[in-house]
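Please look over the sequence and structure first.

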Amino acid sequence: MSPSDEPALTGTIFDQSATLSIKDLSRMCNVEERHIVEFVEEGVLNVVEVRSEWHFTGDALRRARLAVRLERDLELNLAGVALALDLIEELQQLRRELEAKR
Amino acid sequence: MEFKDYYKVMGVARDATEAQIKQAYRKLARKYHPDVSKEKDAEARFKEVGEAYEVLKSPEKRAAYDQLGQHRPGEEFRPPPDWGSGFEFSGAGPGNSTYSDFFDSLFGAQARSGRGARGDFHPDRGEDHHAKVLLDLEASLHGGARTFTLRMPEIDDEGRLVSKERTLNVQVPKGILAGQQIRLAGQGASGAGTPGDLYIEVDFAPHALYRVEGRDVSMELPVAPWEAALGATVTTPTPNGTVDLKIPPGSHAGSKLRLKGRGIPATPPGDFYVVLQIALPPANDDKAKAAYAALAAVLPFNPRASLGV
């Protein structure tokens, strides 16, 4: 079977090169901007400051959404979210290394 | 519709205190959270637990639920016609969850918290959708169209949350890496104004030859003992076609050769690593046995020297 007769949708890679404002990120995560500020203050999200304006990369979206989910579903506080995120990333890294050694 | 025993789902007694229910929820939520859990059916279990907690944590919903009495889980069930009168339900709790028909028939789809409770700060724009797909490495190496079947929760005409399948033909951007997202503008939920976007997070399916780490790709290449010892030029597959690779003399098992820029064609491109593996020729005829014997006679070689024996 051919994949589809419709023309393929063209996507863009959304990563370090994408630039998001705090407004974008707040909309995409469906939380208030104030909450994004809290994420930054707690070190959950990295931010680049350009002319006193905050810029986030596309990676921040994945991290922020994960943070929102953990916060909501596990009733974690911000410090707990920050710790969980770091540990999840470390775990993923270790799993990849283990996989590579197999 | 099947009856659901929320107490059983949470593993608590029917007279459990609020504190016990909260404790049970937290424990189960950590165990089955799809972002954390390695359990097979984590997502389904997590939803079940979330639904049970949504009911049991709210004194009103719990009282109303208790009024139904005890039924066997899975038993065919219809709520009594006068059920739920005199209770006022307020929605709060996990959003984006797909609750069971059982839940919806008791508390109504409007009791589902979702957007409302969490606050929709941008009503003029449709929601973004997010999905994860497993991609073959070749799609990233060469780019190309791939067909994905995504399941999306959607509100139908009657306000019920249903899971809808959607097939998308997507041009995969060349050089995409695991963990990165493909953004498809306008493919999210249609809203009052502009539709939202669709983000597809990519992971690679295991590959027969190659392993991927970030933008680098590696492969184990078997070589004969003499090729490793004396050096040789051998033909090897790489992600972008076969090449002739020079094995330096004195190579050993585990030696890593780097082919710069021949990994994933991202910006900057990754490298391709060839890890040497020494393959031993079998000694299954007299000629081969004689060759091994001759080698043993000539070489004073102790492979266990480092073990001190």
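**Contact between the chains**

The contact takes in 32 residues of chain B and 28 residues of chain A, two residues being in contact if their C-beta atoms, placed from the backbone, lie within 7 Å. This is a predicted model, in which local features need pLDDT of at least 70, side-chain atom pairs count only at pLDDT 80 or more, and totals for chains, interfaces and linings use all residues. Residues are numbered from 1 along each chain as its sequence is written, with chains lettered from A and ligands numbered from 1 in the order in which they are written.

- On the side of chain B that touches chain A, the elements giving two or more residues include α2 (18-32) and β4 (181-184) of chain B (helices are DSSP runs of H or I, at least four residues, and strands of E, at least two, numbered from the N terminus).
- Strand β2 (residues 12-14) of chain A pairs with β4(B) in the antiparallel sense over three bridges (pairing needs at least two DSSP bridges).
- I13(A) stands opposite I182(B) in β4(B).

**Helix α2 of chain B**

- Buried residues in α2(B) are I21(B), A24(B), Y25(B), L28(B), A29(B) and Y32(B) (buried means 20 or more other C-beta atoms within 10 Å of the residue's own, with C-beta atoms placed from the backbone).
- They lie on the same side of α2(B) because they cover an arc of only 130° around the axis, taken from the directions from the helix axis to the C-beta atoms.
- The buried residues of α2(B) pack against α3 (58-74) of chain A, together with α1 and α3 of chain B.

Methods
A residue is buried if 20 or more other C-beta atoms lie within 10 Å of its own, exposed if 12 or fewer, and partly exposed in between; C-beta atoms are placed from the backbone.
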